[in-house]
Amino acid sequence: MRPGFGGATGPVPVRVAPAVKGDFPLYYKALGTVTALNTINVRSRVGGELVKIYFEEGQMVKAGDLLAEIDPRPYQNALLQAEGTLLQNQAQLKNAQVDVERYRGLYREDSIAKQTLDTAEALVGQFQGTVKTNQAAVNDAKLNLEFTRIRAPIAGRIGLRQLDIGNLVAANDTTALAVITQIQPISVAFTLPESSLDVVLARYRSGARLPAEAWDRGDTKLQATGVLQSLDNQINVTTGTLKFKARYENRDQSLFPNQFVNVRLLADTLKDVVLAPSAAIQFGTNGTFVYALDGDKKVKIRQLKIGASDGENTVVTEGLSAGDRVVLEGTDRLKDGSDVEVVNTPEDVPASPAGHLQGKSAASTTEQTTDKAKKGGA
């Protein structure tokens, strides 16, 4: 027996907790970037003087909302001119059609040559083509006049104004009037290492909706909950990761484009597994183990095989059963077969698996094992 503090020998005081059986949510954690589903640079499709602006910077707009207006007078005049030319040629077409009917009657009476009738019919065809061209010019003028009223192509939040009333703008100018980003819904792009893909891809391909939580940069506040939406078609050979996108309704607008968030993807829920407190897990030259109570006064080393961990609880796949009591504190003074004295207070030991997992919710982050194991050490 190793001596206790102050040179005294005797049972080592320890705190213990039971291994329990329960469900374990398996989460993968990744750094994500909030990405707008659509980002639109609002530009004028016609040139002219900017005479009116109807939006406030930062406001939410709906598709079709009027944003600004270009001086419409030159385009109104162009429309009138096109309509006048159309009327002229429509009148000429009508006159040519009347001539054709007249010539057809004369031809039936054998009063004119066939060539005269053919010429009149060709002239009708010529005027019909001209009228169609004029009609297209009228439609184009109407379209340009409509383009003087700049409307929002999508719903979203409009950014800061980049042009002021009185500025002359050109069609498809390089300087946008403003930028609209769609933020409802919105997506978050993140990556997972290829070593973690098996479970995620199997569940995704089965049609399951995988919840994805977005936490703030400090990983302290849950900002939104969404679902895994899509994945890339190839693994990045440089980083060995696959890119994913999760979608969020973002009704409270808590997520902003280009914001960094911590994503917690619920890949699966392990049913009826043995869970041990992570504080009890030890790592030595012979592998992973715990000090488990052998009766009430002694401890025995149990070699373990472990699975996923969330930092507080660890899945034990082999080596422990539900109800086995393991040492949480005092392990530094123990060896196989040591005498111990359990000093737990009643509140230290939960009465059930539900108590053991109390406070563990979808917000708790679990990661696939072994970071701690890789450190080694007895």
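An open sheet of 4 strands, with antiparallel pairing, has the order 3-10-8-5 (strands are DSSP runs of E of at least two residues and helices are runs of H or I of at least four, both numbered from the N terminus; two strands pair if DSSP finds at least two bridges between them). At its edges are strand 3 and strand 5 (60-61), each pairing on one side only. Strand 5 is joined to strand 8 (residues 156-158) by 2 bridges, and these two run antiparallel; here Val-61 has Gly-156 of strand 8 as its bridge partner. The model is a predicted one, in which local features need pLDDT of at least 70 and side-chain atom pairs count only at pLDDT 80 or more, while totals for chains, interfaces and linings use all residues. Residues are numbered from 1 along each chain as its sequence is written, and side-chain values use heavy atoms, with hydrogens and water left out.

A further open sheet is made by 4 strands in the order 7-6-4-9, again with antiparallel pairing. Its edge strands are strand 7 (149-151) and strand 9 (168-169), each of which pairs on one side only. Within this sheet, strand 4 (residues 48-53) and strand 6 (residues 66-70) run antiparallel and are joined by 3 bridges. Lys-52 stands opposite Glu-69 of strand 6.

Taken as a whole, the chain holds 4 helices and 22 strands. Of its 378 residues, 39% count as buried (buried means under 20% relative accessible area, exposed over 50%, and partly exposed in between, with a 1.4 Å probe and protein chains only). Contacts are counted where heavy atoms lie within 4.5 Å. Among those contacts that link residues at least 6 apart in sequence, 78% join residues at least 24 apart.

Strand 1 (residues 12-18) shows both senses of pairing. With strand 22 (residues 340-342) it runs parallel, over 3 bridges, and Val-14 has Val-342 as its bridge partner there. With strand 21 (residues 325-329) the pairing of strand 1 is antiparallel, over 4 bridges, and Ala-17 is partnered by Val-326. Strand 1 is mostly covered, with 5 of its 7 residues buried.

An α-helix has 3.6 residues a turn, so residues three or four places apart point the same way. After helix 3 comes Gly-207, with a positive phi near 95°.

Strand 14 also contains Tyr-248. This residue is buried, with a relative accessible area of 0%. Apart from its neighbours within four places in sequence, Tyr-248 is in contact with residues including Pro-185, Ile-186, Val-188, Leu-255 and Val-263.

The whole structure has 1 cavity of 30 Å³ or more. The largest cavity has a volume of about 70 Å³, and of the 13 residues that line it, the closest to its centre are Arg-43, Ser-44, Leu-163, Val-169 and Leu-177. Its lining divides into 9 nonpolar, 2 polar and 2 charged residues (Ala, Val, Leu, Ile, Met, Phe, Trp, Tyr, Cys and Pro count as nonpolar, Asp, Glu, Lys and Arg as charged, and the others, Gly among them, as polar).

The second largest pocket holds about 200 Å³ of space. Strand 3 (39-42), helix 2 (114-147) and strand 7 each supply at least two residues of its lining. Among the lining residues are Ile-40, Arg-43, Phe-147 and Arg-151.

Conventions: On a 1 Å grid over the protein atoms alone, a cavity is a set of points where a 1.4 Å probe fits but cannot get out, and a pocket is an open set with protein on both sides within 12 Å along at least five of seven lines; lining residues have an atom within 4 Å of a point. Grid points are joined across faces, edges and corners, and a volume is the space filled by probe spheres set on the points.
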